[in-house]
Amino acid sequence: MFSADDSVWMAQALHLAERGLYTTSPNPRVGCVLVRDNQLIAEGWHERAGEPHAEAHALRIAGAEARGATAYVTLEPCSHHGRTPPCADALITAGVARVVIAMQDPNPQVAGQGIARLRSAGIEVDSGLMEAIACALNPGFIARMTRGTPWVRSKIAMSLDGRTALNNGESQWITGAAARRDGHHWRARSCAVLTGIGTVLADDAQLTVRDVATTRQPLRVVLDSTLRMSPAARILRGGNALLYTTSTDQRKILTLTEAGAEVVVLPADRGQINLAACLKDLATRGCNEVLLEAGRTMNGAMLQAGLLDELLIYLAPQLLGDMARGMAQLGELTRLDQGITLEWQDVRSVGKDLRIIANVKK
C-alpha cells in the first residue's frame, strides 16, 4: 500500500510535527507535506492552540498547486469545528487527490470521521504509515483522549546503585550538567511539572524551564495535603502554580491564593490526596504530558497506584551505598512477581551519565 517515496515524505511530515514539541498543548503535534509528481509543493506544522492546523498552513502556501496533490499528514485531519475549521473540509475544497495518514485521531470528536469524510468526497486515503512514530510524538494527547488522564513521566537522577540522595538529603548534583540540561527539554515539552510538598520544602524548587528556548512554561503543580507551603516559596512567583490539597483551612487557602497560587481541594485517600483525582483534574485543564519530579515517597505511591507511565532515569557512574535514599518507596516485597515490570524504550549517553527511558508495564 505504501511506497518508499511515501515513507520519505511521511518522515518529513513527522520531522515538521516535532517543531511543535514545546508549543502545541493541549493540541497534538502534527505535520503536513503536500507533494505532486514526487515534488514538494508546500509544508506546514501546527504551532500552537488556536492557530491554524498543519494542513491549513500547507494549503495556504500551496494555493492552487494543491489540486491533484498528495497530502502526508501525521494525524487524521479533523472533521469538527473547534477553534479552527475542519481540516478534512479544507483538503476537500483544495482538491487534493490522495491523503496519507500516520495515525487515526483518538479524539472521539474525530476518530475516523475525518477519514470517512475524505473518502466520501472521492479522495484516496491510506492510513497507518509510520504509526508508531506518530504515536510516540503524542503520548499525552492519546492518553488524555482515550483514558481521561495525562501521560505521566517520572524524571529521576540516581546513582548506579539506585540512590537519589544521601541519607542527610544532599542530592545536588548526582548527575552532570549535560543530564540536567537534557532534563529541561523534558520539562519544556510537558504541560505540567508535578511534585510533592516535601521536595519544595527541601529544595525551594522553581520547576521552571531554564536551559531550553521556549515560549511556554509548564504549569507547576504541588501536592500539599495540609498546606505547608510558604507564601514566600519561589515556586509561587509569577503565578502559574497549582496546589492540590485536602485541607479546607480558608485562612491558609486565602494566603496562598494571594501569593499567586490556585488552590484546589481534592478528596482524601487514606489521609492523602487522591492521586487519580489529581490527574483527572489536570486532564480537564488540557494537560497532555505531566513530568513528575519528586522523591521516593511520591514515586512509590504513583507506581503502586498504577499511575506512572514512563520512567526517565539519568544514571550517574557512582555508588552512594545502602544508607542513601532510594528512588521509590515500595515497601517490602515477598515475591519477585510483586515487582514493577518495565519495558526498555531507549538507552543513551548524555555527557558522563546514561539516560534510560522505560515504560511501566501495566
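**A first look around**

The protein has eleven helices and 18 strands. Please keep in mind that what you see is a predicted model.

Let us begin with the overall dimensions. Taken along the principal axes, the C-alpha atoms fill a box of roughly 65 × 45 × 40 Å. The radius of gyration of the protein is 23 Å, which agrees with the value near 21 Å that a compact globule of 362 residues would have.

What about the inside? Of the 362 residues of the protein, 51% count as buried. The contacts tell us how the chain comes together: among those with a separation of 6 or more, 69% are between residues 24 or more positions apart.

Find helix α3 at residues 87-94, then helix α4 at residues 113-120. Their axes lie 9 Å apart, and the two helices pack at an angle of about 20°. Angles under 35 degrees count as roughly parallel, and α3 and α4 are therefore roughly parallel to each other. The crossing of α3 past α4 is right-handed.

Which residues of α3 and α4 make the contact? From α3 come Ala88, Asp89, Leu91 and Ile92, while α4 brings Gly114, Arg117 and Leu118.

Conventions. Residues are numbered from 1 along each chain as its sequence is written. This is a predicted model: local features need pLDDT of at least 70, side-chain atom pairs count only at pLDDT 80 or more; totals for chains, interfaces and linings use all residues. Side-chain values use heavy atoms; hydrogens and water are left out. Axes are lines fitted to C-alpha atoms, for helices over the stretch in contact, and angles run from 0 to 180 degrees between N-to-C directions. Helices (H or I, at least four residues) and strands (E, at least two) are DSSP runs, numbered from the N terminus. Angles under 35 degrees count as roughly parallel, over 145 as roughly antiparallel, 65 to 115 as roughly perpendicular and the rest as oblique. A crossing is left-handed if the near helix is turned anticlockwise from the far one by less than a right angle, and right-handed if clockwise. Contact means heavy atoms within 4.5 Å. The radius of gyration is taken over C-alpha atoms; the globule rule is 2.2 Å times the number of residues to the power 0.38. Buried means under 20% relative accessible area, exposed over 50%, partly exposed in between (1.4 Å probe, protein chains only).
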